[in-house]
Amino acid sequence: MTQLQATQVQVTQVQASQGQTRTTATSVSPMPQVHDLIARGLRPHVEAIDHGQYPASFMRELGALGGFRQAVPREYGGAGRGLAGTLEVMEAVAAECLSTGFCVWCQTVSAWYVQSSDNEHLKREWLPAMMQGERLAGTGMSNPMKHFAGIEKLRLKATPTQGGYLLSGALPWVSNVGAGSTFAVVAQLEGGAGDSLTADYLMAMVAGDQPGLTLGDGGRFIALEGSSTYNAVFREVFIPDDQVLAKPCQEYIGRIRPGFILAQSGFGLGLVAGCLERMERSNERAGHVNRYLDDGVEELGADYREARRRTFVLAEQIGCGGVPLGPEATHEAVACRILASELSLRASQAAMLHAGAAGYKAGAVTERKLRESYFVAIVTPALKHLKKLQASWS
Ligand SMILES: Cc1cc2nc3c(=O)[nH]c(=O)nc-3n(C[C@H](O)[C@H](O)[C@H](O)COP(=O)(O)OP(=O)(O)OC[C@H]3O[C@@H](n4cnc5c(N)ncnc54)[C@H](O)[C@@H]3O)c2cc1C
């Protein structure tokens with residue numbers, strides 16, 4: 001067991017001693033099988049994923065193991081272990097490959113939207129295939145999250161029509177989508193008053209193959225190329241009433257927001273864990289000189305453990321959702337998400353400095369992690385967006 005795995009076990013033990021874990025005989029952790037699957041079904045393919053291959057069979061197998069159902073209540077067929085269970089799965093995947101860790105977030109957070117809504121049709125008919133990983137699920141929520149934070153205009157409009165709404169507009173990037181997929185969007189109702197406090201909005205699940213919807217080339221990125229990211233153009237796409245998650249949706253978004261933000265810490269912390277593991281490896285060869293670096297395994301490891309402890313404490317409070325949370329939960333989720341972003345940047349840089357030229361070679365794990373780490377800090381809510389939120393509360 002590496003020092004890092006040992007600290008993860010310690011955190012779990014601390015949570016258990018504080019009565020914070022909810023594992024019961026009927027919600028057994030799938031982590032041993034998840035680690036086996038990562039070793040056999042993900043590790044050998046990470047380079048291909050970095051070059052654009054979507055990890056389809058890994059995602060399907062992870063779904064079959066229960067990887068996406070951890071935070072879904074048992075009454076809807078979930079494991080009922082809460083957000084902490086989701087975070088454990090995401091961390092383990094992202095420690096190996098951030099692109100795939102992000103896809104795990106997309107899949108699980110989409111299930112989070114459905115389970116948190118009042119839409120029984122989506123819960124019965126769509127949720128099972130989403131949490132099983134049989135249906136890819138994405139989330140086009142960057143634009144609305146930025147809109148509600150006063151950063152940009154909403155890009156989708158909804159026109160009421162018989163039995164539903166016609167959606168028009170475009171989203172620049174939606175990940176983890178493709179044939180047979182579904183993803184969540186927010187649209188502003190035509191004729192609404194215009195600003196984010198007074199206008200009427202709806203949030204809905206869209207099917208990737210609905211008439212009028214085009215999933216096009218989203219361009220090339222420096223990392224995350226295997227995340228199946230597309231540009232989504234809507235031309236009067238008909239959304240029936242039974243695909244609507246909430247209308248109006250501002251109160252509902254307030255409910256799903258802490259879980260949405262905190263869950264992203266799962267892939268950030270996973271990346272940090274992966275970097276710490278690279279640093280430990282580099283130290284086997286060059287520890288005698290690496291020890292002069294400011295950010296070593298000890299310093300970074302201590303900050304990582306504290307960030308992870310805070311993240312899991314909040315995750316246990318949020319559980320499977322459905323519990324009333326005050327504004328402090330959102331504030332703490334934002335603080336944890338900031339820690340995950342800043343630690344990701346620090347850890348990938350420290351890993352590179354530890355590895356030296358071996359890590360600087362094209363195709364080295366360390367150079368991939370350096371590219372990946374910036375994604376943690378730029379995906380919505382980006383570090384600048386999170387800091388803007390914090391500034392508005394002080
Ligand atoms: C790999 C990857 C995957 C992503 N997956 C998702 C996803 O699944 N769901 C989701 O909702 N968002 C996704 N995003 C978007 C992401 O969350 C951010 O919203 C996006 O990176 C813009 O944030 P920003 O802070 O740079 O925006 P700002 O700096 O505020 O830029 C404002 C806006 O300008 C537009 N823009 C800027 N540059 C370009 C460009 N070159 N081409 C097109 N438009 C541009 C974008 O709309 C952007 O939101 C993804 C981004 C990347 C890089």
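**Cavities, a pocket and aromatic rings**

Helix H5 (83-96) and H6 each give at least two residues to the lining of the largest cavity. Helices (H or I, at least four residues) and strands (E, at least two) are DSSP runs numbered from the N terminus. This is a predicted model, where local features need pLDDT of at least 70 and side-chain atom pairs need 80 or more, while totals for chains, interfaces and linings use all residues. Residues are numbered from 1 along each chain as its sequence is written, and side-chain values use heavy atoms, without hydrogens and water.

A cavity is a set of points on a 1 Å grid over the protein atoms alone where a 1.4 Å probe fits but cannot get out; a pocket is an open set with protein on both sides within 12 Å along at least five of seven lines; lining residues have an atom within 4 Å of a point. Points join across faces, edges and corners, and a volume is the space filled by probe spheres set on them.

Three cavities reach 30 Å³ or more. The largest holds about 70 Å³. H6 supplies the largest share of its lining, five residues. Phe68, Trp112 and Ala263 are among the lining residues. By class, that lining has eight nonpolar, three polar and no charged residues. Here Ala, Val, Leu, Ile, Met, Phe, Trp, Tyr, Cys and Pro count as nonpolar, Asp, Glu, Lys and Arg as charged, and the others, Gly among them, as polar.

Now the second largest pocket. Its volume is about 760 Å³. Its lining has 35 residues, with Ser142, Trp173, Phe375, Ile378 and Val379 nearest the centre. Elements that give two or more residues to this lining include helix H6 (98-115), strand E3 (164-174) and helix H10 (250-290). The lining has 20 nonpolar, 10 polar and five charged residues.

The structure holds 10 aromatic pairs. Rings of Phe, Tyr and Trp (its six-membered ring) pair if their centres lie within 6.5 Å; planes under 30 degrees apart are stacked, over 60 edge-to-face, the rest tilted. Trp105 and Phe260 pair edge-to-face, at 5.2 Å centre to centre and 75° between the planes. Trp105 is in helix H6 and Phe260 in helix H10, 155 residues apart. Trp105 counts as buried (under 20% relative accessible area; exposed is over 50%, partly exposed in between; 1.4 Å probe, protein chains only), because its relative accessibility is 3%. Phe260, at 1%, is buried. Trp105 also pairs edge-to-face with Phe267, at 6.3 Å and 80°. Ring pairs link Phe102, Trp105, Tyr113, Phe260, Phe267 and Phe375 into a cluster.
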